[in-house]
Amino acid sequence: MFLPVIKPMARMVLRILSFILFAVMIACAYGGHVNPRLSAIPGIAVMALPYLAIATFIVTVLWFLAGRWFTGAVGILAMAAAWGPISNAVPLRFPHNPRQGAVSFKLMTWNFTHGWNLSGKALTAGEDDALGYIMKSGADIVCLQELTDWNKRETPTLTDAIRQRFDSIYPYMAFQPTKDTRVFSKYPVKHIPGTEIGARLADIHGPQAAYDHISFFDINIKGRHLMLVNVHLHSPGLDKDQQGVMTSIRSVSTAKESAREFNDTIKNKIQHSLVQHDGDLNTLCKIMENYHGPVIVCGDFNDVPESHALLKMKKAGFHSVQAEVGLGPLITFNQHMMWFQLDHILYRGDVRPLNIKKGRIRTSDHYPLVSDFEFTD
């Protein structure tokens, strides 16, 4: 192929670069095992895992095609060494078939961004805007983040006529005042205060800040009760210049400037955010210790698969729907070249995910996720 005609020195350089890629990929794969209180770098590095895993696969295939079996074999060993994290960040799974007679429901989670239109396109209110998308989705349960008040002041396209139409589809709504998480449902739903959940289930009184980012709901689906946890975890709070640190790179000098910005400010903000996620989900896991019914945790985690916080959920018995029935990496944030999966649907107990789909609507800086579930009891 092409590599045999490359001079030996160049081939050696390519081999060394490949070994570096393999090593970095393995290190990033396990970055989530490092407590973010110690350092932000491993938690930031794990964000790159899907891209490094794909790059490792491509490079490994090229070495095999070139007849360089040893280097290709090292690539295979590197992927094997990191297969656990890779299989969760870049799953190779397929949807499940529904069981005959099982009670099922469709759930949507979406950082709604107040229903604003960030797409830059002219949209028809109640048709191809965010509200129209939800009404046409077929979802039985809709978990929204970044929605504090349900009125036209916050969601400009929510006219009286559209609200009446929306309410006819979702006759039940639950929320906690001052929080930006809200649930709309075709089934009866009620909000449960987090402090009540903690005291009732595990006699836990976790950090009050955790309850600011986590909301608990009970949904009665044809006589079966589902605990639904709608989360909107702490955002790093990057300003516009910091969010554009990647897109502003145009030359060596701008790359250096972006690197300085990262070291001086961005890294500290991300570390603070990762520490907050760890504390919030630690409280959630403690609250859920003695709860044995079916539970779904979904929303905007502002964190990626295999992060320290998500690994904590995994240890508590929660499963990622994307890792169970997804195919390939999932990107749910669509701004500033920060193409990561920040939104998740997790589950535990007597429910089973059948599929997961990402909506393509771009009115928000997040894409919606929709998943079908069925009860297994």
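This is a predicted model: local features need pLDDT of at least 70, side-chain atom pairs count only at pLDDT 80 or more; totals for chains, interfaces and linings use all residues.
Residues are numbered from 1 along each chain as its sequence is written. Local features need pLDDT of at least 70, side-chain atom pairs count only at pLDDT 80 or more, totals for chains, interfaces and linings use all residues, and side-chain values use heavy atoms, with hydrogens and water left out.

Start with the rings. A pair of aromatic rings is described by the distance of the centres and the angle of the planes. Rings of Phe, Tyr and Trp (its six-membered ring) pair if their centres lie within 6.5 Å; planes under 30 degrees apart are stacked, over 60 edge-to-face, and the rest tilted. The structure holds 11 aromatic pairs. One of them joins W110 and F112 edge-to-face, at 5.8 Å centre to centre with 80° between the planes. W110 and F112 are both buried (under 20% relative accessible area; exposed is over 50%, partly exposed in between, with a 1.4 Å probe and protein chains only).

Now turn to Y347 and F373. Their ring centres are 6.2 Å apart and their planes stand at 70°, so this pair is edge-to-face. The pair links distant parts of the chain, 26 residues apart. Y347 sits in strand β10 (residues 343–348), F373 in strand β13 (residues 369–375). Strands (E, at least two residues) and helices (H or I, at least four) are DSSP runs, numbered from the N terminus. Y347 has a relative accessible area of 9%, so it is buried. F373 is at 0%, so it is buried too. Ring pairs link F105, Y347, F373 and F375 into a cluster.

Next come two helices. The axes of α1 (residues 8–29) and α4 (residues 69–81) come within 9 Å and cross at roughly 10°. Axes are lines fitted to C-alpha atoms, for helices over the stretch in contact, with angles from 0 to 180 degrees between N-to-C directions. That makes α1 roughly parallel to α4 (under 35 degrees; over 145 is roughly antiparallel, 65 to 115 roughly perpendicular, the rest oblique). Which residues of α1 meet α4? They are R15, S18, F19, F22, M25 and I26. Their partners in α4 are F70, T71, V74, G75, A78, M79 and A81. Contact means heavy atoms within 4.5 Å.

Finish at V34, in the loop between α1 and α2 (41–45). Its relative accessible area is 33%, so V34 is partly exposed. V34 touches P42 and H308, not counting residues up to four places away in sequence. V34 and H308 are 274 residues apart along the chain, yet their C-alpha atoms are separated by 6.9 Å.
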